[in-house]
Amino acid sequence: MRTAYSVETVRAAERALMAQLPHGALMQRAAAGLAASCAGLLRRVYGARIALLVGSGDNGGDALYAGARLARRGAGVTAVLVAPERAHAAGLAALQAAGGRVASAEAADRALRGADLVLDGIVGIGGKGGLRPDAAQLVRAAADGGAILVAVDLPSGVDADTGEVRGTAVRADATITFGAYKPGLLVDPAREHAGALRLVDIGLQLPARPDVESLQHADVAALLPQPAAESDKYRRGVVGVVAGSARYPGAAVLAVAGALHGGAGAVRYAGPAADAVIARFPETLVSAGPPSKAGRVQAWVVGPGLGDGAEARQALEDVLASDVPVLVDADGLRLMTADAVRERAAETLLTPHAGEAAALLGVSRDRVESGRLAAVRALSEHYGATALLKGSTTLIASTGGPGHGRRTVRVNPTGTPWLATAGSGDVLSGLTGSLLAAGLPGWDAAAVGAYLHGLAARERGAAPLTAMGVAEELRGAWRGVAG
């Protein structure tokens, strides 16, 4: 599992470790890891041209000490000082002692455009807001030169804690971060600026509970529900789907498709699109009556393509009154009330995209998209539910659960822009609802569902695909994870 910690937590851990080490030893650890990572990105170190964008403080010091190490291996290293009067004095002395140079203001542009690799050491993890104009101009020169651009700890100009980008920011090819991942490295829009990530272990002792976590392949494999020898379709779980309408029968078909590929033993469908569902998936158990009369289920999925008529509202009320976990999506999110969700004894999972989340929170869509961590936490806390916020990075927040507190947010690492296609969310809802019915808590069902959903889209590679295409690839994604 990949874990990320807030700036405050990382700094506290650094202070505790520095109190046990000789002065400067921690920075040397970071610089050693940074230099080794940069060396690995170059075809050869000897003779390579390396430019350092050096800001004030420890971030610039890391870059200078790493530059000194690379200079001793034969690289031509030039430091461009963004704030000369506040550059890290010891780091600068080390660079010059190793044969590195400091570029004059007139030579800075030439050094950046002619480099094979540029180290971004302008702003550290405490930076807020975008880059100042002088720094932004230097970053543009580096980008124009075509060098490999490596961020030191965090791309300058992005918010380490929130992933927000409030102005001009470095767009790195790779980010070498120290001690722990920072939330902004895993969450868009900042994630798009980070490039490939590498973590350098510098010996920090961190809390057991992170601020953000990202499940990896082995974590998902351990959570996948597997049938036992004595399992039957009912023991494996039955998921109910309330979706579709005369206008949107396809939403029902897609939600059922996701549910059938999600590991449950059976799928019950209740709604007006029964004929369309049976025509595509004859194994589905269909009912034209209200959900409460459809038969026993272990979880419900409600909302995709439901519409907003009286029957839709009644069906939603019927489902929310049940005593099993419920996933609410799409039209169901528009029709539900906060009180109806809060009053439920069983678990509720909400799966909005940014526009739906904005409506639920009473804010603008731009605010949700620029501050996704804050938005998903607010959704979970306001509705007393698990919230899955779909988007370029899908985020999951929970109000609780075994071993997880309110502040931990999960981020899905398998998302791809190819999932931005009509009906893809309906498939995700059915898939995740099936995992709920199979017995996974909402926190885990949401994370596993999002992971498999993204993996299924990646099975098709860099090619257009439909929502049904995603559903059809879920078998391969499941096999790929389960082994």
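Q: The radius of gyration is taken over C-alpha atoms, and the globule rule is 2.2 Å times the number of residues to the power 0.38. What makes the radius of gyration of the protein chain agree with that of a compact globule?
A: For 483 residues the rule gives a value near 23 Å, and the protein chain has 26 Å, so the two agree. Along the principal axes, the C-alpha atoms fill a box of roughly 80 × 45 × 45 Å. This is a predicted model, in which local features need pLDDT of at least 70 and side-chain atom pairs count only at pLDDT 80 or more, while totals for chains, interfaces and linings use all residues. Residues are numbered from 1 along each chain as its sequence is written, and side-chain values use heavy atoms, without hydrogens and water.

Q: Why is Ala-66 called buried?
A: Buried means under 20% relative accessible area, exposed over 50%, and partly exposed in between, with a 1.4 Å probe and protein chains only. Ala-66 has a relative accessible area of 0%, and is therefore buried. Ala-66 lies in helix H3 (residues 58-72); helices are DSSP runs of H or I with at least four residues, strands are E runs of at least two, and both are numbered from the N terminus.

Q: Which residues does Ala-66 touch, not counting those up to four places away in sequence?
A: Ala-31, Leu-34, Ala-35 and Leu-119 are in contact with Ala-66, contact being heavy atoms within 4.5 Å. Glu-347, by comparison, is 281 residues from Ala-66 in sequence and 50 Å away, C-alpha to C-alpha.

Q: Why is Ala-246 called exposed?
A: Its relative accessible area is 79%, so Ala-246 counts as exposed. Ala-246 sits in the loop between strand E10 (238-242) and helix H9 (249-260). Ala-246 and Ile-202 are 44 residues apart in sequence, yet 60 Å apart in space, C-alpha to C-alpha.
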